Amino acid sequence: MSVNLPPSRNLLNNRLIGGLLRSGWYPGILQIPTAAVFILIVWQLMLGPDSGHDNLGTALTWVLWWPLIPIIFLLFGRFWCAICPFATLSDFVQKLVGLNRQVPKFLKNYGIWLIDAMFILITWSDHVFGVVESPWGSGILLLLLTTGVIVCGAFFQRRTWCRYLCFLGGLSGNYARTGMIALRATPEVCATCTSKAACFNGSARAPACPMFEFPRTMDSNVNCNLCANCVKSCPNGSITLTVRKPTSELWFIRKPKLEEAFLAVVIMGIVFVQNVTMLEVWQGMLAWLEGVVGTDSYAVTFTITFVLAMALPVSMMALTALAAGKLNGASLARNFALFGYAIIPLDVAGHVAHNLFHLFAEGKAVWFTFLVLLGRPAPAGSPALLSTGTIQVMQYVLVALGVLGSLYAAYRIARSNFGASKRTWATFAPYAAVVAVLGIINVVLFVLPMAMRM
């Protein structure tokens with residue numbers, strides 16, 4: 001049965017792309033080298049040089065992978081999750097000892113809140129215990145996450161960890177909403193399907209959807225990792241893969257969730273604190289804060305900074321939601337849940353802009369530490385790939401694009417939920433002001449000189 005979509009728009013009609021995704025080699029052909037690199041990274045972090053400056057695992061993780069991952073989400077949605085070593089490990093554990101128990105209702109109901117808490121906790125731990133700067137600390141973090149993956153894979157069905165507990169999964173789910181690639185089913189074709197939901201339950205051609213998604217009703221990228229199991233299993237050619245406008249999914253969210261919107265807003269605060277703590281003025285700010293609170297405990301002073309940084313965008317959005325409610329009649333929770341998603345484009349821009357500094361100011365560290373692994377001395381000289389001025393221009397451009405993306409998303413959300421033109425603009429105006437202020441804060445932080453990781 002054919003799909004009612006112009007052949008040129010469905011990427012699965014492309015011989016190379018369609019052939020790859022329908023192949024039994026995919027995604028395994030990418031999972032194997034990714035898992036091999038992961039093993040190399042863990043080995044280096046745990047048994048390699050004690051200094052992050054000389055450790056290949058540190059360079060690959062925090063200088064290369066972490067800056068690139070939000071760009072992957074923007075371009076391809078949650079594709080990384082299809083080849084992630086944790087997902088591969090979970091599948092392997094299930095085949096060996098999996099009990100395949102149902103996902104507990106607690107995780108289904110509160111999994112995103114747990115992801116929010118884990119993301120905040122890991123970020124806090126990084127700064128308090130120096131996880132990123134310490135190869136051993138990064139290695140311990142990966143091993144703790146590996147333990148969680150093994151336990152979930154042994155007890156629960158499919159990829160319970162990835163869907164309900166992985167902090168990176170929560171981040172990727174939010175960022176994937178801006179993704180330019182969308183996998184969907186064709187409702188007209190699915191309406192006549194007699195395969196007993198092979199796309200969800202699996203078939204002889206491919207396993208069940210690992211993320212518990214039913215393509216027929218799927219209208220979001222948030223839990224699709226492009227593993228292509230449904231593409232292989234669907235007997236009717238219902239599945240399509242199309243290119244769409246970035247952020248377009250944010251414009252028409254049918255069931256906004258407060259916990260997802262909260263994560264989107266909190267990420268903005270985390271981007272702020274990541275920037276602030278890498279500024280050259282941070283030590284002076286820290287000394288001032290120590291004098292105010294009367295302690296030199298970094299755990300205490302950073303925690304205060306961290307809470308304030310997260311509270312700033314959350315309180316701004318909450319107050320704006322309250323004010324908007326007087327104009328559009330929606331509750332504070334409803335407005336926060338709706339318009340929290342509008343911050344995601346600026347989240348992505350701020351995240352990428354921050355990490356572009358590490359990628360381009362320290363990019364050669366990957367090569368330098370690889371030479372150290374081979375027993376050769378690291379070359380003298382700067383690890384920078386681009387000048388600081390060039391990097392800053394790129395950061396400003398990204399923030400500007402993020403602001404525009406968030407402004408347009410807020411406008412479309414207002415228009416689709418509060419159709420009358422006066423209510424649309426009255427609702428949009430306060431959120432536009434919040435987005436503008438958050439964008440200005442990002443620009444100011446990127447103007448100031450930043451310190452390096454490596």
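In which helix does F360 lie? F360 sits in helix α17, where helices (H or I, at least four residues) and strands (E, at least two) are DSSP runs numbered from the N terminus. The model is predicted, so local features need pLDDT of at least 70 and side-chain atom pairs count only at pLDDT 80 or more, while totals for chains, interfaces and linings use all residues. Residues are numbered from 1 along each chain as its sequence is written, and side-chain values use heavy atoms, with hydrogens and water left out.

Leaving aside neighbours within four places in sequence, F360 is in contact (heavy atoms within 4.5 Å) with A384, L385, L386, I391 and M394. As for C227, it is 133 residues from F360 in sequence and 31 Å away in space, C-alpha to C-alpha.

Helix α17 (residues 344-361) also meets helix α3 (residues 56-76): their axes come within 9 Å and cross at roughly 150°. Here axes are lines fitted to C-alpha atoms, for helices over the stretch in contact, and angles run from 0 to 180 degrees between N-to-C directions. That makes α3 roughly antiparallel to α17; angles under 35 degrees count as roughly parallel, over 145 as roughly antiparallel, 65 to 115 as roughly perpendicular and the rest as oblique. On the α3 side the contact is made by W62, V63, L64, W66, P67, L68, P70 and I71, and on the α17 side by H351, V352, N355, H358 and L359. Sorted by class, these residues come to 10 nonpolar, three polar and no charged, with Ala, Val, Leu, Ile, Met, Phe, Trp, Tyr, Cys and Pro taken as nonpolar, Asp, Glu, Lys and Arg as charged, and the others, Gly among them, as polar.

Next comes helix α16 (residues 332-340), whose axis comes within 9 Å of that of helix α19 (residues 388-417), with a crossing at roughly 130°. α16 and α19 are therefore oblique to each other. R334, L338 and F339 of α16 touch A410, I413, A414 and N417 of α19, a contact of five nonpolar, one polar and one charged residues. Within α16, N335, F336, A337, L338, F339 and G340 are buried; buried means under 20% relative accessible area, exposed over 50% and partly exposed in between (1.4 Å probe, protein chains only). The buried residues of α16 pack against α13 (258-276), α15, α17, α19 and α20 (421-447).

S315 is partly exposed, at a relative accessible area of 34%. D54 is 261 residues from S315 in sequence and 41 Å from S315 in space, C-alpha to C-alpha.

On the strand side, β1 (residues 181-185) and β2 pair in the antiparallel sense over five bridges, a pair needing at least two DSSP bridges between the strands. I181 has V243 of β2 as its bridge partner. Four of the five residues of β2 (residues 239-243) are buried, so the strand is largely enclosed by the rest of the structure.

Most residues other than glycine have a negative phi, and most peptide bonds are trans. T247, in the loop between β2 and α13, has a positive phi near 75° and counts as buried at 10% relative accessibility. K196, between α10 (187-190) and α11 (198-201), has phi near 60° but is exposed, at 74%. The Y26 to P27 peptide bond is cis, with omega near 0°, and P27 lies in the loop between α1 (15-22) and α2 (28-47).
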